[in-house]
Amino acid sequence: MTTKILWIDDEMDSLKSQIMFLENKGYEVECLSNGYDGLEYLKANHIDVILLDESMPGMTGLETLAQIKEYNVNIPVVMVTKNEAENIMEDAIGAQITDYLIKPVNPNQILHTLKKIIDSKTLVSEKTTQTYQQEFRKLFLALNSNPDYAEWCELYKKIVYWELEMQKSDSPEMQEIHQSQKEEANNEFCKFIDKNYAKWIKAKESEAPVMSHTLMKKHVFPFLEKGKPVFFVLIDNLRYDQWKTIQPKFAEYFRLLEEDIVLATLPTTTQYSRNAIFAGLLPMDIEKKYPVEWKNDDEDGGKNLYEEQFFADQLKRNNLSHIKFSYTKVTNHHNGELLENNIQNMLHNDLNIIVYNFVDMLSHARTEMEVLKELANDEISYRSITQSWFEHSPLFAALKKVADKNIKLVVATDHGSVQVKSPSKVVGDKQTTTNIRYKHGRNLQYENKEVLSYREPNDIGLPKPNFNSTFIFSKHQGYLCYPNNYNHFVNYFKNTFQHGGVSLEEMLVPLVKMESK
């Protein structure tokens, strides 16, 4: 299909050579001498790109631009101007021009600009596909070279990078190849966790990755600085790829100091991983130290009601009782608005903990609500909803209010989630827990190859609810269903986002340090 250009300029006679050049390159060019005629023509005809003179009698280029954007905000407009004054350029850029050219214009300059606008998506797609083809073998070799924990973190960052890049590609074949490579990576990662996780639990802190229960001690406490408040924002259930989609919004207001990955402890759920973060203890040690406050899966009562108390005690154990801190948990929009209104009052604290629950609620609500299944039916749309939420959230609004103060910011999470696709049958007694990605109970029957199992929960830092309790964890995209109404639950949970098991997405989670610009 021929690309159609509308060129609005009151000196068209001087542009004949440029127009002829573009027509010889296959473009169709319609020329009009003023903004009024240009707008009328635009409303009656399909146009791909507008070249617009800035200085015209009657309706100026900027006035014409404003009306073009009112009519069709998405149409690309290239401002062509003799005037290099800074205020003119700022006004044009503020009015969302796509590009600008300074007169006299060289035909090749125009051609380059048009190609950048019209062909950019195709060129980016082709370049992305070509580069990934070259990178594929490197990733394959890395996966098969027995990577250690640090190498796994770097591998996962690359996998996520290419997953986000593949969104720019129109090649379903390459997207499918990348998805297969991600699945292979997850299979190898599950073997890696099976081999090493229990060792890390028993090892010295210096010999193990930074995990949920050592996150505060390793990352947050050393970050504290007298006279410079630290805001620790824990966004529940935020995967690394979701972080990368909201990172540009943070970058507008904060300077990145460090981006790291920490290992979420098993089970990768709020009850276990998040309590471990604030207590600075493994779940089995939390149960011993707080027998009343800790609740096992099968016990009644809230599972995360004592995070503030746990954290205060962690400060004492680390000789940081003098640290003045606040704790704010946001579980609904009203709480978010209160945070936005009160955040400046937190500046007198040394440390402000903000726990924000939206992403976790989204993943659970998506399981139950048909409309959310439509809105977040795959990884791309799940990321997109997260991005849209954050951009318009009270959390972002609150952080913008303190961004111009002399503060530090840590963004973290307790665990991620994975889209489940492969059901697995589990048989257990009445005391077996109902979780989809992990279960514990007595006399469990399951397919060994489909789960990681631990007959001694204490070996991996977990409480032992009953004498014969076994913990099992789903691998990658698996999920656990009982034989009763098996087909119903298989269909109900298929393609939902769940957490609690073993996967790159659930266990390798972001921790990011920033400061105000």
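Helices (H or I, at least four residues) and strands (E, at least two) are DSSP runs, numbered from the N terminus. By this rule the protein has 20 helices and 18 strands. The model is predicted: local features need pLDDT of at least 70, side-chain atom pairs count only at pLDDT 80 or more, and totals for chains, interfaces and linings use all residues. Residues are numbered from 1 along each chain as its sequence is written, and side-chain values use heavy atoms, with hydrogens and water left out.

Along the principal axes, the C-alpha atoms fill a box of roughly 90 × 50 × 40 Å. Burial was assigned from relative accessible area: buried means under 20%, exposed over 50%, and partly exposed in between (1.4 Å probe, protein chains only). Of the 517 residues, 54% count as buried. A contact means heavy atoms within 4.5 Å. Among contacts with a separation of 6 or more, 74% join residues 24 or more positions apart.

Nonpolar cores were examined next. A nonpolar core is a set of buried Ala, Val, Leu, Ile, Met, Phe, Trp, Tyr and Cys residues joined through side-chain atoms within 4.5 Å. In soluble globular proteins, nonpolar side chains tend to be buried together. The largest core here has 76 residues. Within this core, Ile193, Tyr197, Phe250 and Leu395 touch the most other members. Apart from it lies another core, of 25 residues, including Leu215, Phe278, Ile353 and Val509. Leaving aside residues up to four places away in sequence, phenylalanine 250 touches Trp243, Phe390, Leu399, Leu409, Val411 and Met514.

A cavity is a set of points where a 1.4 Å probe fits but cannot get out. A pocket is an open set with protein on both sides within 12 Å along at least five of seven lines. Lining residues have an atom within 4 Å of a point. Grid points are joined across faces, edges and corners, and a volume is the space filled by probe spheres set on the points.

The second largest pocket has a volume of about 290 Å³. Its lining comprises 13 residues, of which Glu163, Gln175, Gln179, Glu379 and Ile380 lie nearest the centre. Helices α7 (149–166), α8 (172–202) and α17 (379–391) each supply at least two lining residues. The most come from α8, with 4 residues. For residue classes, Ala, Val, Leu, Ile, Met, Phe, Trp, Tyr, Cys and Pro count as nonpolar, Asp, Glu, Lys and Arg as charged, and the others, Gly among them, as polar. The pocket lining has 2 nonpolar, 5 polar and 6 charged residues.

The count comes to 1 cavity of 30 Å³ or more. About 40 Å³ of space lies in the largest cavity. Asn275, Glu293, Trp294, Lys295, Lys303, Asn304, Leu305, Tyr306 and Phe310 line this cavity. They divide into 4 nonpolar, 2 polar and 3 charged residues.

Several backbone features fall in loops. A cis peptide bond joins lysine 103 and proline 104, with omega about 0°. Proline 104 lies between β5 (99–102) and α5 (107–118). Another cis bond joins leucine 266 and proline 267, with omega about -15°. Proline 267 sits in the loop between β7 (254–263) and α11 (270–279). Asparagine 443 is not a glycine, yet has a positive phi of about 55°. This asparagine lies in the loop between β13 (438–441) and β14 (451–454). Asparagine 443 is exposed, at 62% relative accessibility.

Asparagine 495 also has a positive phi, near 70°. Its loop runs between α19 (486–493) and β17 (497–498). At 28% relative accessibility, asparagine 495 is partly exposed. Threonine 496 lies in the loop between α19 and β17 and is buried, at 1%. Polar contacts were defined as pairs of N or O atoms within 3.5 Å; within protein, one must be able to donate a hydrogen and the other to accept it, and residues adjacent in sequence count only if both atoms are side-chain atoms. The side chain of threonine 496 reaches the backbone oxygen of phenylalanine 493 at 2.6 Å. This side chain also makes a polar contact with the side chain of glutamine 498 (2.9 Å).

Lysine 517 lies in the segment after β18 (508–516). This lysine is exposed, with a relative accessible area of 57%. A polar atom of its side chain lies 2.6 Å from the backbone oxygen of alanine 251.
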